[in-house]
Amino acid sequence: MPKSDSNPAIRIDELRRQLDDANYRYYVLDDPTIPDAEYDRLLRELDELESVHPELVTPDSPTQRVGATPSGAFSEVRHAIPMLSLGNAFSDEEIVDFERRIEQKLGRKRPKFSVEPKLDGLAISLRYEDGRFVRGATRGDGATGEDVTANLRTIKAIPLQLRGEGWPEVLEVRGEVYMPLADFRRYNEHALEHGGKVLANPRNGAAGSLRQLDPRITAKRPLAFYAYAVGEVEGGDLPDTHSQTLKQLREWGFPVSVESAVVAGADGLLGYYREVGKKRDKLPFDIDGVVYKLDDYEGQREMGFVSRAPRWAIAHKFPAQEQMTVVESIEVNVGRTGAVTPWVLMQPVQVGGVTVTRATLHNADQVARLDVRNGDTVIVRRAGDVIPEVVRVVPERRPAGTKPWSMPGLCPVCGSELVREEGEAVWRCSGELTCAAQRKEAIGHFASRRAMDIEGLGERLIEILSDSDSIRNVADLYRLTLDDLLTAKALLDSDSAEGFVELLGKSASQLTYQDEVVSDFSPTAWESLAEWNQRLPSGYAAKWNRAKVATKWAENLVEAIDRSRTTTLERFLYALGIQHVGESTAKALAGWFGDIELIRHLPWPLFKRVPDVGGEVARSIGHFLDQPGNQQVIDDLLERGVTITDTHPPSPKLRDGLTLATLLQDLEIPKVTKVRAEQLAAAFRGADALLDAPEHNYVTAGLPADSARGLAGWLEDEHHAKLLSDSAAALTRLLELTPAAAAAVQGPLDGQTVVLTGTLTGLSRDEAKAKLEALGAKVAGSVSKKTSFVVAGEAAGSKLDKAQELGVEIWDEARLLAFLAGHGV
DNA sequence: GATCCTCGAGTTCA
DNA sequence: CTCGAGGATC
């Protein structure tokens, strides 16, 4: 309690020192000396004194950790020295190689490394000027992060004022903000009891907390911090090894991982890896590996960097975590093309920090290979980065009396027969667009970002609109009314809540907030339930408010749909969802033909004029266009205001291939090869002459008997004859429409194939792709020896490795940007 | 006919 | 990201 007789300034100083010491002992030395209650009492006393003497408040006072005002947004911070990412290693061999490279380059045996656990948190940078914390930022993309100073100030493990002495005028300390496991659990327990927001896992908890706009919220989250590196330094010196620097940081008041150590040589590294691996489960925080850094700074400078990652450090990751769980059921999903994909529903299990409940089994063959059955205990793993997969079944845990799983005979959604093409792995529902699942998926695809890009049209909404018959096909989207959407919205809002009521075995009116305690539904689900529950008794005002919100929502959606009406041919073709026509093929078709009115009436063989389109794809497009229902949908779309803005004449490059000879090849007539097609084209003036000629005339034209027979036999089918004459007519019309080849504009990257990998910082992947294409390059998705060069952004993965393996040229982002700038893009 | 490249399609979770 | 299969090439 404040004592009126003592000098308040002196008492305030004393309290601050006591509190700082307590913090230091608690967070840095891990050796608390005063009980929490005592700490709180001192803090309260300080707070009261300061409120009586506001002139004595300083920004580094322990009471000033929580700023009062939420900010509108985070401003950007440019890192003076980029915050790099580390290369990853998963195997012992990679570590041995890493160490050997350093030995060779430095000409030193068994170099020393500073080693420490790699925390699974959020990398941040802290800037101190004259020993005072002035700014903190997230790592962001490495070059630029977000200013989260106000939030970082609330973390007690971060000193507001450096201790000791001898610190540089400007010191930037880097480290990881994380949430200790015990605190994370305690926080969630509390949140569940008091209806707060439950955090998904410690990592996301830490990341989400730092992104709070209101620091008062961040202050309530149990965040901690470990320093692991130094960034910018001005006006002062640091020791010349990393381990000494860490020690120095500790003296200045930063927590440094107690597990950090110094080891020598590859064997030292691997020994440390195993040691930490054993302790992993007992550590008070999540780690995903260990980090090795060459200890002396001079060696580090000598080693330098490879495209954005230091050559003197590496992260040795622990293997993807595997977990055991139980299969609750094996379900199937019906995709846009009717593909029926089996997947497992499992009892929730934590794998690598997230809760996994489902995993795909890809296809029936995979299920048979694994022999997964209902009730089986299985091992799940998060493959690569994210996607859960079933590794194997644990046979000794299989319950008695199970039978192997088999694909159902009928589509679970529409009851049509499931069929499998000869030699194909997938089973498909034969219901096509009569199948509700396929219709929904088709609409979802149409609305997706890379297709028509209708924002806000989610899966569940499509389901509701589709089930209520408001939309039967994609064209119906363009005559949805506000009323349709409002009706759907009501269902959308209620269905989550209805489900809970049922589960709890209560009627809606019996529900109270108390019910939250008895169950463990997700926080968002509880939120919507609570909201929905509130509206029941409260009557008019609440309903009115909800109606307003819903109307605004519906208006926004109508506007989004309206915006999507203006589109490009490429997007339009892709959106139609023709089998085998993805983004790349849609783009090619758009580029070569240029006009939907032309394309929609083209016989299928003409599509083979487009590179990378062969018989299978061409037929698939033809099949789609042959169906009157599909033509009707195209009509309706255009009639309801869909406008293609980039209609243009066919590409001049088409001209070369528009001959009777190529057409005859493209028709895939039995026994008619390239040579025979050319002979026929030379002997007959046009398709009509060919159609009218008797078989022996083909022989006269120089064809061997079997080819002549093949052609004649093929033409006996009147569909074939019609296809030939239609195609020939289309060919003639195309020729008329196609402008003569203009002088080809030479792009600097003509004929080159480029692959992008990793995260680019200066521009988005799509932008980079567009710019490279503008210079004539082809941007491909995977690396091969034909690749001209690979642009490796940050955290580049397997594609970069592949490129190195094949000796393909690698550009970093800077080089790409310089090149693009040099060519005016 | 074999082989190598690409593209398409399906997928999970926050 | 990964798998499967279509297309191009030799």
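Predicted model: local features only at pLDDT ≥ 70, side-chain atom pairs only at ≥ 80, totals over all residues.
Q: In which sense do strands E14 and E17 pair, and over how many bridges?
A: Strands of a sheet pair through backbone hydrogen bonds, either parallel or antiparallel. Two strands pair if DSSP finds at least two bridges between them. Strands (E, at least two residues) and helices (H or I, at least four) are DSSP runs, numbered from the N terminus. Here strand E14 (residues 322-334) and strand E17 (residues 377-382) are antiparallel, with five bridges. Gln323 stands opposite Val380 in E17.

Q: What do E14 and E15 form, and which residue in the turn has a positive phi?
A: E14 also pairs with strand E15 (residues 339-351), in the antiparallel sense over seven bridges. Opposite Val332 stands Pro342 in E15. The two strands form a hairpin with four residues between them. In the turn, Gly338 has a positive phi of about 90°.

Q: In what order do the strands of the five-strand sheet lie?
A: The order is E2-E13-E10-E3-E9, in an open sheet with mixed pairing. Its edge strands are E2 (88-89) and E9 (261-264), each of which pairs on one side only. Within the sheet, strand E10 (residues 287-294) and strand E13 (residues 313-317) run antiparallel and are joined by five bridges. Val290 has His316 in E13 as its bridge partner.

Q: Which helices lie against this sheet?
A: Contact means heavy atoms within 4.5 Å. Axes are lines fitted to C-alpha atoms, for helices over the stretch in contact, and angles run from 0 to 180 degrees between N-to-C directions. Helix H8 (residues 242-251) packs on the sheet and touches strand E3 (112-119), E9 and E10; its direction makes about 55° with that of E3. Helix H9 (residues 265-279) lies across E3, E9, E10 and E13, running at about 140° to E9.

Q: How is the four-strand sheet arranged?
A: In a regular strand the side chains alternate between the two faces of the sheet. This open sheet has the order E5-E4-E7-E8, with antiparallel pairing. The edge strands are E5 (132-138) and E8 (224-234). From one strand to the next, the twist averages 25°. Eight bridges join strand E4 (residues 122-129) to strand E7 (residues 170-178), and Ala123 has Glu176 in E7 as its bridge partner. H8 lies across E7 and E8, at about 110° to E8.

Q: At what angle do helices H27 and H28 pack?
A: Angles under 35 degrees count as roughly parallel, over 145 as roughly antiparallel, 65 to 115 as roughly perpendicular and the rest as oblique. Helix H27 (residues 705-716) and helix H28 (residues 718-737) pack at about 100°, with their axes 5 Å apart. They are therefore roughly perpendicular to each other. Trp714, Leu715 and Glu716 in H27 meet Glu718, His720, Ala721 and Leu724 in H28.

Q: Which residues does the UniProt annotation "binding site" cover?
A: UniProt positions are given in the numbering used here, feature names are shortened, and annotations may be inferred rather than shown by experiment. The annotation, from an unreviewed entry, covers Cys411, Cys414 and Cys435. They are spread over 25 residues of sequence, yet cluster in space, with a largest C-alpha distance of 8.5 Å. Cys411 counts as buried, at 3% relative accessibility, whereas Cys414 is partly exposed, at 28%.

Technical notes:
Residues numbered from 1 in each chain as written. Chains lettered and ligands numbered in written order. Heavy atoms only, no water. Buried < 20%, exposed > 50% of the residue type's maximum accessible area, 1.4 Å probe, protein only.
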